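Trainee: I would like to learn how to read charged side-chain pairs in a model. Could we go through a case together?

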Amino acid sequence: MSEEEAAPAAGAHPAPGTRRPGGRTARTRASVRDAVLTGLAEQGFPGLSIEYVAEHSGVHRTTLYRRWGSVEGLIVDALELAGEDGWTPPDTGSLRGDLRALLRETADSFSDPAEAAAPTAFIAAAFQSPRAAQALHTFYGERFSRCEALVSRAAERGEIPHGTDAGALVRAASAPLFLRLFITREPVDADIADRAADAALAVALAGVFTAPTRPGPTPDHTSDSP
């Protein structure tokens, strides 16, 4: 693909991740995204360069600089494009089953070194780049938002209290896995995922993830007649 084919119209400077119509522009963005993922998997964030992405995507580096600006811009756009997928949380018929399926999915995605390389590099990049950190925050925030359906279904079935915070529940369920993956560097598997899911469910049943009821104002009787 030539630079002229890949470049946006003269004078146009779309922000990284701007959604545009399909066709050539969408193909260019996808090619760049794939090159970024490959580069992160092979080189990590410190080793990723515009030149690498240009070579592996077929998009001229001048176009990459013009449209994405920097390696950080490329990473931000790759995360934004990942967030535009059609992923939905599991629906097994019970919250316990949903949480277990969700965490097993997470464990599986990080157990395969080839599959885990890119998301691991994204997380590492977030510690070195404020823009990457914000993009990762947005990506997971969107994922947690999609899990609201999982929690609302459970509340309607009477499995957990109404008003349970979906984001808080999913964060608590996922935390043991990410602790093992990125802090203690221990393996994760289906058993670990199931225990984390069951522990989070027990906490949710206790009402920990619901907003506390605020007491009403104390009546003022100082002006009451005797």
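**Reading the salt bridges**

Mentor: Start with accessibility: at 34% relative accessibility, Asp85 counts as partly exposed, where buried means under 20% relative accessible area, exposed over 50% and partly exposed in between (1.4 Å probe, protein chains only). This is a predicted model, in which local features need pLDDT of at least 70 and side-chain atom pairs count only at pLDDT 80 or more, while totals for chains, interfaces and linings use all residues. Residues are numbered from 1 along each chain as its sequence is written, and side-chain values use heavy atoms, with hydrogens and water left out.

Trainee: Which residue forms a salt bridge with Asp85?

Mentor: A salt bridge is a side-chain nitrogen of Lys or Arg within 4 Å of a carboxyl oxygen of Asp or Glu. Asp85 pairs in this way with Arg146, and their closest N and O atoms are 3.0 Å apart. The two partners are 61 residues apart, Asp85 in the loop between helix 5 (71–82) and helix 6 (95–111) and Arg146 in helix 8 (residues 130–146). Helices here are DSSP runs (H or I, at least four residues), numbered from the N terminus.

Trainee: Is Arg146 buried or exposed?

Mentor: Arg146 counts as buried, because its relative accessibility is 15%.

Trainee: How many salt bridges does the rule give?

Mentor: The count comes to 15 salt bridges. Another of these joins the side chains of Asp91 and Arg153, at 3.4 Å from N to O. Asp91 lies in the loop between helix 5 and helix 6 and Arg153 in helix 9 (residues 148–156), so this pair ties together parts 62 residues apart in sequence. Asp91 is exposed, at 52% relative accessibility, whereas Arg153 is partly exposed at 23%.

Trainee: Where do Asp198 and Arg100 lie in the chain?

Mentor: Asp198 is in helix 11 (residues 190–205) and Arg100 in helix 6, 98 residues apart. Their side chains meet in a salt bridge of 2.7 Å, N to O. Both ends count as partly exposed, because Asp198 has 25% relative accessibility and Arg100 has a relative accessible area of 22%.

Trainee: Which residues do salt bridges with shared partners join into one network?

Mentor: That network consists of Arg96, Arg100, Arg104, Asp194 and Asp198.

Terms used: Helix = DSSP H or I, 4+ residues; strand = E, 2+ residues; numbered from the N terminus.
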